[in-house]
Amino acid sequence: MPQVFWVTCPFCGTKFTAEKVIWDRDDPLLCPQCLEHFKRADSPAIETVWPVTFQDLRTFSRRAD
Ligand SMILES: [Zn+2]
């Protein structure tokens, strides 16, 4: 079973899942609802099923400024 994370689209607010490989590579995410691309750091809400690293948390807090 692949590891996935929940991400929220910053454009339309749709919540959907993406595979962890996208997280690891910091690839752009594609919203299935509005078809907009965005980086995971631009998502207003992310939920992982694995422990996030300090580096990941720093990325989130930087975007919250
Ligand atoms: Zn969207």
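Select D26: at 33% relative accessibility, D26 counts as partly exposed (buried means under 20% relative accessible area, exposed over 50%, partly exposed in between, with a 1.4 Å probe and protein chains only). This is a predicted model, where local features need pLDDT of at least 70, side-chain atom pairs count only at pLDDT 80 or more, and totals for chains, interfaces and linings use all residues. Residues are numbered from 1 along each chain as its sequence is written, and side-chain values use heavy atoms, leaving out hydrogens and water.

K39 forms a salt bridge with D26, with the closest N and O atoms 3.8 Å apart (a side-chain nitrogen of Lys or Arg within 4 Å of a carboxyl oxygen of Asp or Glu). K39 is partly exposed, at 34%.

Next, select K15 and E47. Their salt bridge has its closest N and O atoms 3.0 Å apart. K15 is partly exposed at 43%, and E47 is partly exposed at 42%.

Last stop: the zinc ion. Select C9, C12, C31 and C34, whose SG atoms are its protein donors, 2.3 Å away (donors are N, O and S atoms within 2.8 Å of the metal, or 3.2 Å for Na, K and Ca; water is not among the atoms, so sites may look incomplete). Along the chain, the donors follow the spacing C-x2-C-x18-C-x2-C. Is C31 buried or exposed? C31 is buried, at 0% relative accessibility. C12 is partly exposed, at 36%.
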